[in-house]
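Here is a walk through one protein chain. Keep the sequence and the structure side by side as you read.

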Amino acid sequence: LNMCNNMIGVGLLSLPWAFRESSLLYGFLLILLIGVLSGLSFFMIAICCELVQKYTFRELGEKTLGRSFGTLMQATMFLYTFGSCLSYLIVTGDLVSAESGIANSCQE
């Protein structure tokens, strides 16, 4: 659930910028392509989970590539979530300070 929130939040923040940088047609085609690739990867992960009867990324990594890869998978998930939270804090701080005028009063 946390990973899903991170991905949706980042997508919502960057989608208008991506459409502005590309045209409407190319932006739509890229979103469609990425959606198809995401659905395909989700389907492939689900098949792998069913085959080995493991239902978390760590268990799947440990079963397929060994214990150290499972630990690496867990660490990667932690770092991704931590980095997402940190970036949200930075963006929120920048937006709040820009809207409230705190940045201008600190520079004077």
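This is a predicted model: local features need pLDDT of at least 70, side-chain atom pairs count only at pLDDT 80 or more; totals for chains, interfaces and linings use all residues.

Helix 2 covers residues 24-52, which makes 29 residues. At 1.5 Å a residue, this helix should span 42 Å. Just after helix 2 comes Gln-53, which takes a positive phi of about 60°.

Phe-43 lies in helix 2. Is Phe-43 buried or exposed? Its relative accessibility is 51%, and the cut-off for exposed is over 50%, so Phe-43 counts as exposed.

Now step back to the whole chain. The protein chain has 5 helices and 0 strands. Read along the sequence, the pattern is α-α-α-α-α. How much of the chain is buried? Of its 108 residues, 9% are buried. The chain exposes about 8,700 Å². Carbon and sulfur atoms supply 73% of that area. Contacts tell another part of the story. Among contacts with a separation of 6 or more, 38% join residues 24 or more positions apart.

Charged pairs come next. Side chains of opposite charge can pair when their charged atoms come close. How many salt bridges does a search of the whole structure find? The search finds 2. One joins the side chains of Arg-20 and Glu-21, at 3.3 Å from N to O. Arg-20 has a relative accessibility of 61%, so this residue counts as exposed.

The other salt bridge joins the side chains of Arg-58 and Glu-62, with an N to O distance of 3.1 Å. Both residues belong to helix 3, which runs over residues 57-65. Arg-58 and Glu-62 are 4 residues apart there, so about one helical turn separates them. Arg-58 has a relative accessible area of 31%, so it is partly exposed. Glu-62 is partly exposed too, because its relative accessible area is 26%.

Move on to helix 4, which covers residues 67-100. Phe-69 is found in this helix. At 28% relative accessibility, Phe-69 falls between the 20% and 50% cut-offs, so it counts as partly exposed. How far is Phe-69 from Glu-59? In sequence, the two are 10 residues apart. In space, their C-alpha atoms are 9.7 Å apart.

Last, the cysteines. A disulfide needs two cysteine sulfur atoms within 2.5 Å. By this rule, the count is 0 disulfides. Cys-48 shows the point: the nearest cysteine sulfur belongs to Cys-49 and is 7.0 Å away. Cys-48 is therefore in no disulfide. The relative accessibility of Cys-48 is 38%, so Cys-48 counts as partly exposed. Cys-85 is also partly exposed, because its relative accessible area is 39%.

Terms used. Residues are numbered from 1 along each chain as its sequence is written. Side-chain values use heavy atoms; hydrogens and water are left out. Helices (H or I, at least four residues) and strands (E, at least two) are DSSP runs, numbered from the N terminus. Buried means under 20% relative accessible area, exposed over 50%, partly exposed in between (1.4 Å probe, protein chains only). Contact means heavy atoms within 4.5 Å. Accessible areas come from the Shrake-Rupley method with a 1.4 Å probe; for residues, only the protein chains shown count as cover. The expected span of a helix is 1.5 Å times one less than its number of residues. A salt bridge is a side-chain nitrogen of Lys or Arg within 4 Å of a carboxyl oxygen of Asp or Glu.
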